Amino acid sequence: MIETIQGSRCPACGLTVAPAAAFCPRDPVQMTPVELEGAGEIVSFTTLYSPPAGFRSPFHIALVLLEGGAGFICHGAETRGLRIGSRVVIEAVDDVYYFYHLGAVDRARLFWRRAGRAGDRMQAIARSLAKRVRKGRERASR
Ligand SMILES: [Zn+2]
C-alpha cells in the first residue's frame, strides 16, 4: 500500500507542507491537515558518510516533491540510478520514511508483495509508473 503522509495546507496561500505544521511559514494562519500520497519526484539527493547517530554510513537522503508541492525529506537504501525527477514511492518503517526508486524493480516487488490483498492493484500501479519512468529515460537518452 502506498503510505499516507500527514501534511498540512494553508487556507490563505495554498502552500502544502509535510510533515504537518500548525502554522503557515508565510502567513500567521493556522494550517488545515491534509493526507498526501507517499509518492513523488526526486528534487535533490545526497549521501552522507557521517550520518546522524543511529544510522549506518553511507546514509542516503532525498528531497521528494509530493503532490501539492510539499517537499519531504526521506531516507533511502541506495541512490544508485537515481536522478532528479525520478519517481519514488515512500514507505514508513518504524516511523522513519524511506524512498524506493521505482526503477529498482526488485525492491519494488518486495515492497508490493508485502502489500498483501491490495498487492495486485498496487502492482498494476507500479507497472504503469515503471513504464512511465522507462519512457522518461528513453526520452532523456535520446
Ligand atoms: Zn500561507
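## About the model

This is a predicted model: local features need pLDDT of at least 70, side-chain atom pairs count only at pLDDT 80 or more, and totals for chains, interfaces and linings use all residues. Residues are numbered from 1 along each chain as its sequence is written.

## Overall layout

The chain has two helices and eight strands (DSSP runs numbered from the N terminus: H or I of at least four residues for helices, E of at least two for strands). In sequence order the pattern reads β-β-β-β-β-β-β-β-α-α.

Of its 142 residues, 25% are buried (20 or more other C-beta atoms within 10 Å of the residue's own, with C-beta atoms placed from the backbone). Taking contacts (C-beta atoms, placed from the backbone, within 7 Å) between residues at least 6 apart in sequence, 42% link residues at least 24 apart.

## Strand 5 and its partners

Strand 5 covers residues 59–65. Strand 4 (residues 39–48) runs antiparallel to strand 5, and seven bridges join them; strands count as paired when DSSP finds at least two bridges between them. Strand 5 also pairs with strand 6 (residues 71–76), again antiparallel, over six bridges. Here Leu63 sits opposite Ile73. Five residues lie between the strands of this hairpin, where Gly68 adopts a positive phi near 85°.

## Two faces

In a regular strand, side chains alternate between the two faces of the sheet. In strand 5, His60, Ala62 and Val64 point to one face and are buried.

Terms used. A residue is buried if 20 or more other C-beta atoms lie within 10 Å of its own, exposed if 12 or fewer, and partly exposed in between; C-beta atoms are placed from the backbone. Two residues are in contact if their C-beta atoms, placed from the backbone, lie within 7 Å.
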